[in-house]
Amino acid sequence: MDELHGTAAKSDPQNELAARLRLLQELSGLGVRALARDAGLSSSSLSRYLGGQTVPPWPAVIALCRLVKRDPRPLRPLWERSSSPLPAPPKSSRQGRPKPRNDLPRDVPDFTGREAELAAVLAAVESHRVVAVDGMAGVGKTCLAMHAAHRLAADYPDAQLYVDLHGFTEGREPLDPDSALRMLLGALDVPSEKVPREGVEQLAACWRSELASRRVVVVIDNAADADQVRPLLPGAGPSVALVTSRNRLLGLDEVPPVSLDVLSPQESAELLARASGDPSGPEGRLARDPDSAAEVLRLCGHLPLALRLAAARLRHRPGWTVGILVERLAEGASEFDTAFAMSVRQLDRSQARLFRMLGLLPGGSFDAYLAAALADVPLRDARAMLEDLVDAHLVQESTAGRYRLHDLVHQHARRAGTELDAPAERQRALGRFLDYYVHAAAAADAAMPFLSPGRPASAGRPPTALPHFTDKNAAFAWLVSEYENLVAAFETADAVGADAHVCELPRFLRAYFARRCGTTHLNVLFERSLAAAERLGDPLQLADAYSDLGFARYNAGRMAEAEAAYEAAQTRLSQAGDFGSEAELALRRGYLKWDEGYVEEPLELFRLAGKLYEQADSPTGTASAAASEAWAMLQLGHREEAAQRAREVLAVPHADPAWPPALTARITLGVAVAEDEPEAAAEHLNRALALSREDGHLNNEAWCLNCLGVALRRMGRHEEALTSHRQAFALLEELFEDHWKIRFLNSYAETCRLAGLPDEALRLHRQALDLAPHLGYRHEEALAHEGVAVLLAEKDPSAAAEHRAAGQAIMRDFQPGVR
């Protein structure tokens, strides 16, 4: 393999990479079809990679190396040079490497014993890079894994991650691998557009690919079984994982287990003394009453969690003797409930009430705002009570300002609430939980509008305090941290029949999903939202639900289903009489109609949307409609009118430079004036590109690059145009979204034709013809037919005539503008 990983420089990195890949094929001893099958690639794509026609995505390189048991990392620099032949653009805030993520809960200061088990964990990590810690509830699995992870953190500086799989969390289903992988990829700051939209296998491959080039330690806590864990384990590379579960994970044959038993009497006594702050020597309370101290150890079952809870009471009650502690412990029904109940009895009435209500939560972390809403108390009081619960070891502060309950404590809180609180009071608290998340999500959505601001939340009652979002970045950070709870709130609302909450909550997550590229999950949420709206029978709720479902279908490339949903929404909006909803639907239908191949109707719909937004008194919506109108004019070849409309949009003041209407207008103006005002066009398009990069939205960045390629082509700068198109498609390789590729293929092909690359242009047009009918993009299908006809006009006139006729049959009177 010296030749494979040699360092001899060559003039063409892409051809050099192809040569290295052909060496891999020789080592495999397989033909192209067999090699493609074993690597999970299409044979046509593999042929292009081996022939140097296309640079493969990095996961494909990894897959080929693994087949012949070779390390792919030496090929990474060559692959990067092949993928980015020009110097990389200046790093934006998105491109710069952020501060390494550290999600690990704090290491306990009184960690005691476990020397042999800790050594076994570290040895297993050294030899296998993965270890599974198992044992009974409360035995200290998480504590040991966390202590080991903190020991390892310095050797794994790229990230220290923690995920709770809720395998044994009462009242909620275990976290599925799909959701866990999305959370972990988000924690690594993987661009959402790079994350596969669906399929656990694809997500797991993306996760392993990211870990392969980093040094990361991951704690996978509270696993239910091996199937839940297996997709989360690292593959090639140096990263390590520490797994905990109450069950032995027998299905993970390759993962060495470390099983925990209860502490020894000596270790238990040492932990009790350290956690209670009891002084050493004969003057300590434990030393003065060794029989009672031994009884405490027995009642706690030598379990670290129970011992720490008992020790906390002794530490905070200097007047207690150890005998009194024994009496309190003996009153309980079990080691855990005894310790928990004893701790709860030390709370005042309001603290105990909040603790019981926290048992209603689905698990996971929460903040003081949610606690205040749940208990219906002022935010200041909620914070004070949470601090008291932290001191009592009933609540853990996992990170600054975020709290969680240990599973066993959570179970006790839930049982205590069932026994002590009236059903009506628990129902009201659950309602406040749902109200909080709908209204908090609405506040976050208002701080980062996707297009035009929607109606405020109307479900339930607004809480007395909501988080304050200074800008869209703060709002997005909150949505990321609360995503698990938001989904749990939706599931809870659906389960208890809170249909108004089920209808509204997904609407306020559209901007989040647009950045996270979660079209599959968004479709599922809106399907269930529609079912809730049908149960409510409100015409406006039902119209919005159909419109939102159509929007989700459209973004997933499901054009026919989007059309059907929009038609259903239009029928119901005629009964509702809401100008804002009608405008939003008209805007959405305009884009769908354009992609389906219609010509005048989209422009009419954009203009209708503008009038309706004006009636709804929505300046942002009006600007969005005007920007869309300008873009449609440009497609139809009306460049002067498009440029004038775009300038009108840019004249609308707005605090966010990356405001969606302004971004669309800036791109439109840049392409429209490319021939007459090349310097101004380049300035507009490069400004849009910089804003897209700063905003961290790869879809918009790819769109800007493609349009920059179109503009440069119109200026006659063909080589620069090709470079811009290639950069756009390099980003699209990360998006895993073919329906974004279909928007750019014909533009790229036209640039290739004019740059003297007819074969490449023909290949791209034919690729568009393969994709467009499947996705329902009749407009792009017609452009592809016309492009093929132009290229075949001299070689094969009859075939060219067939393609031209096919394109004309689709578009009829369409006048091509931007291609």
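So, how many nonpolar, polar and charged residues are in the lining of the second largest pocket? Hold that thought.

Quick housekeeping: this is a predicted model, so local features need pLDDT of at least 70 and side-chain atom pairs count only at pLDDT 80 or more, while totals for chains, interfaces and linings use all residues. Numbering runs from 1 along each chain as its sequence is written, and side-chain values use heavy atoms, with hydrogens and water left out.

Okay, the answer: 16 nonpolar, ten polar and twelve charged. Here Ala, Val, Leu, Ile, Met, Phe, Trp, Tyr, Cys and Pro count as nonpolar, Asp, Glu, Lys and Arg as charged, and the others, Gly among them, as polar. A pocket is an open set of points on a 1 Å grid over the protein atoms alone where a 1.4 Å probe fits, with protein on both sides within 12 Å along at least five of seven lines; lining residues have an atom within 4 Å of a point. Of the 38 lining residues, Val 108, Thr 142, Leu 305, Gln 396 and His 406 are the closest to the centre.

Now, is Ala 441 buried or exposed? Buried, because its relative accessibility is 0%, and the cut-off is under 20% relative accessible area with a 1.4 Å probe, protein chains only. Ala 441 sits in helix H21, a DSSP run of H or I with at least four residues, numbered from the N terminus. Leaving out residues up to four places away in sequence, Ala 441 touches Trp 478, Leu 486, Leu 505 and Phe 508, contact being heavy atoms within 4.5 Å. Leu 486 is 45 residues from Ala 441 in sequence, yet the C-alpha atoms are 8.1 Å apart.

How values were computed
Helices (H or I, at least four residues) and strands (E, at least two) are DSSP runs, numbered from the N terminus. Buried means under 20% relative accessible area, exposed over 50%, partly exposed in between (1.4 Å probe, protein chains only).
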